[in-house]
Amino acid sequence: MLALKGYLDAHTAPQFETAVGEELQAGHKRLVVDCSELDYISSAGLGVFMIYIDEARQAGGDIKIAAVQPKVYQVFDVLGFPALFDIQPTVEEAVARFGQQPGKD
Amino acid sequence: MKRAVSAAAAVAGLLSLWHWMPRHDAALGDSRVTVGRKEAIEIATRWAAQYGVEIRGWRFAVTSETDPALMRIRRASPASRVARVFTPIRIRVLAFDGRGDAVLVTMTADGRPLSFLDRRRNPTGLMRADAAETEFARLAGANAPEFVRTADNVRTLEGSRSAWEWLDPALNGVLARVVVITRNGRVVNSSVEFSAPREAADEARRSGWQRALLMALAPLAAAAIAVLAAWSLFSSLLRRTDPLGFAARFLWVPAIAIASMFLSGSYQNEALLRSFDEGLVGDTRLLLGLTVSLLVLLGIYLLLAASWASVPPSQMRLWAPAALLVRGCWKNRQAAGQIWVGMTAGVLIGAVPYWVAAAAGGPRVRFLEGAGGLMAPMPFLEPLEGLASAWEVYLVVIFLAPWTAGRIRRRWLRWLVLSGAGALVATLPRSPFPPGHLANLACGAAMTAGYLLTYLHAGLLGAWFAPLGMHAAVQGARLVHLPAASLEAAGWQMLALFFGFAAAALAASFLLPAADEDAAVSRMLEAAAAPPRSQREKLRAEFEVARRAQRDLLPSAPPAIAGFDVAAVCHPAREVGGDLYDCLPWPHGRWMLCVADVSGKGLGAALYMTMLKGMLASAAHHAPPLETLASRLNQAVAGAGRGRMFITLSVILLDPAKRRAEHLRAGHNPPLLWRARTGQCEFLRPRGIGLGLTAGPSFEANLETQPLALEPGDVVVMYSDGVTEDMNPEGELFGEERLARVVCRHAGEDAQRLADAIMEEARSFRATAELHDDWTLLVLRCRPAEAPAGGGVSGAAVQDEV
């Protein structure tokens, strides 16, 4: 479980990238990103999701996005992210989704 | 935590001072200073009255000084009676009336007369036949029988000279001499002098070369560090000018200290007496003082600038609160905390000479002694001098410590160098022990170590204010122990001032909000990493070339399409941008209009934008279906960007003859469509993922082409997110609704005017805020049937390709 807070832009994206990288390295391939306190995301932040999604899915896990604020969801939606990522309204539902699809992408 | 530790240190320091000072301080020793400024003036006035000279109401300057001959006698033979009778500290009271008359009265530290000098042009006063003898009796006091008369009213230029000498039989060559000069039965000049010729020679022989060496090393070391600082500063000025700015802004701290010296009258005090010694009366030498002060400030300025330029990244956090403070960030808890730690640490450092004296068991501490400021009108301001005179701190701790931090790896070696430098340089301003004494070195090294510790924990401000704490504590403690009422009062005032200031700093360190240190540190890092000026010019020139090249890639003018108006605007946020718009002719009379946005800004984004433009241009030749084109673009971007970069794209393939278009949206902001018939705006949101996000089949699976049938008057506005995410100074976003409103308002006008209106609205919305993302707009308007075929078209006329 990773929680994002505040602004995810070119300054803060490297921190997020390192965090996800560390989780995957440690073998935690089922990640839920809690975006309830995320106010803004830029292309740099979006890029971080893109970097690791293939790795996570190939290892049999996934990166799910949960509890996105409406403004931020707009950004995801315009870009077409919902077709690529599993975006759930709450963290619990995202976690539940892992249970529903064992081993499935 | 640090604040508590330093508070404990201050308490320890004060207790030490209280305990050890009476025993080891020279001023408190057997100097018996019982006279302060007020008392001295009163005594002088009383004596002058005895001579018949009325000086009440005149202006006064009072200083205290040490008689070097008597000091030598004391050191050489403390048992000598002469040494015990007459104290080495003298107080001089100069009275002048501003019209050229002056009288100088000198007394011992406990108020006994030492000399009287009458420099009035028309002397009046009591005349007595035995003026000389009376005067001698007064000066010699109870020891008169010891003296032997050696001169009896000898005629000299000044007047009649009489002299008495006291030869101490116990020690050869030590003598006290009373000289009285009278004119017309009035005392014109009387004094008690001391000389110890043999002792002086002996002492010089005894410690000769050691003392000379040490005394020479100190200024040499200081000069070496100063030269190093100057060289370091000038070489850094080739790359950056921020050191000068910081030093100039910090300079007000020592400037205030120097100003207080003038405002408190202590400089004028000293200057009056020195100029009197040279024969001038009432000359405060203000000009000289100001010149010297300016030179001192210049020296501090250069040292500060050199130090700032040498700060390594590991120590930048220590300088950040000062950097913020001088930029006007008063609400700075960190700075207040550093000042508190510095001042309290300074108290403990002030106790060091007394520990050394106790350990050495010998010499007395002459620390900060003889400061004329004690006799100045406002002595409690004297500690402020510590903010401008601690040269050993400026040279060794504030400059040399950061400079060596980057260059000497081994920590123990660094501390050795710094302590050694400090040991030498610390003797410069005023050495605590007699010059040349080895205890000076120990003291200097220990105090430098103390200042260094303070610097490493409390930064520049801590190290700068530590001398202030030291002065206040030492002087205050000393004065409080003196029997003179006015001096004791001054001592308490000094301590109160110190405690008040320190307490204010402590309170501020809790109550004020924390300032943004990280921002300051990153500014410092940026400035430190700045490339040399010549390189910066080269970079700027290259960016200029790139900007022009990119501008040339964009269409020079919107195309003329039969039956349609087109207008386009593209403003990059930086010199080069990542946005693109294009209008390419396709086979069969069609036109492809698109707006694209590369993720990111600047040079990287611009390069990918160029790649996209190339691919779009080549597509124009074989005119594939839009979805195929998008798919190919997606593969190319995914391959080139490898997940770190994506491009959003919105394409309209227009068939002007049929007034029909196909719209494909790859993750881009939904274009705005204004229908002339309904007067309503709608956003076109066909499904589509951004290019480069996934190389797999989900891209094609989630892509759709939207057919559009355009009617006369309809307007399509394509834009990049720089338009809707434009921010005003209050942080609000421009947003889609505002864009829709502007379009609805101006949709009846031609495309160029509509584009201008949107730009104007954006500009007034943005106000003083900066453009923070590339701003791109493409307006396509289907000309209404009534408008004449050739009217309202802007841009060059380009024939449609058939």
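In what order do the four strands of the open sheet in chain A stand?

## The sheet of chain A

The order is E1-E2-E3-E4, with parallel pairing; two strands pair if DSSP finds at least two bridges between them. Because strand E1 (2–8) and strand E4 (87–88) of chain A stand at the edges with a single partner strand each, one side of each has no neighbour in the sheet. Strand E3 (residues 62–66) of chain A pairs with E4(A) over two bridges, and A:Ala66 stands opposite A:Gln88.

This is a predicted model, in which local features need pLDDT of at least 70 and side-chain atom pairs pLDDT 80 or more, while totals for chains, interfaces and linings use all residues. Residues are numbered from 1 along each chain as written, and chains are lettered from A and ligands numbered from 1 in the order written.

## Helices and strands

Chain A has five helices and four strands, in the order β-α-β-α-β-α-α-β-α from the N terminus. Helices (H or I, at least four residues) and strands (E, at least two) are DSSP runs, numbered from the N terminus.

## Contact with chain B

The contact takes 10 residues from chain A and 16 residues from chain B; two residues are in contact if their C-beta atoms, placed from the backbone, lie within 7 Å. On the side of chain A that touches chain B, helix H2 (43–58), helix H3 (70–79) and helix H4 (81–84) of chain A each give two or more residues. H2(A) gives the most, with five residues.
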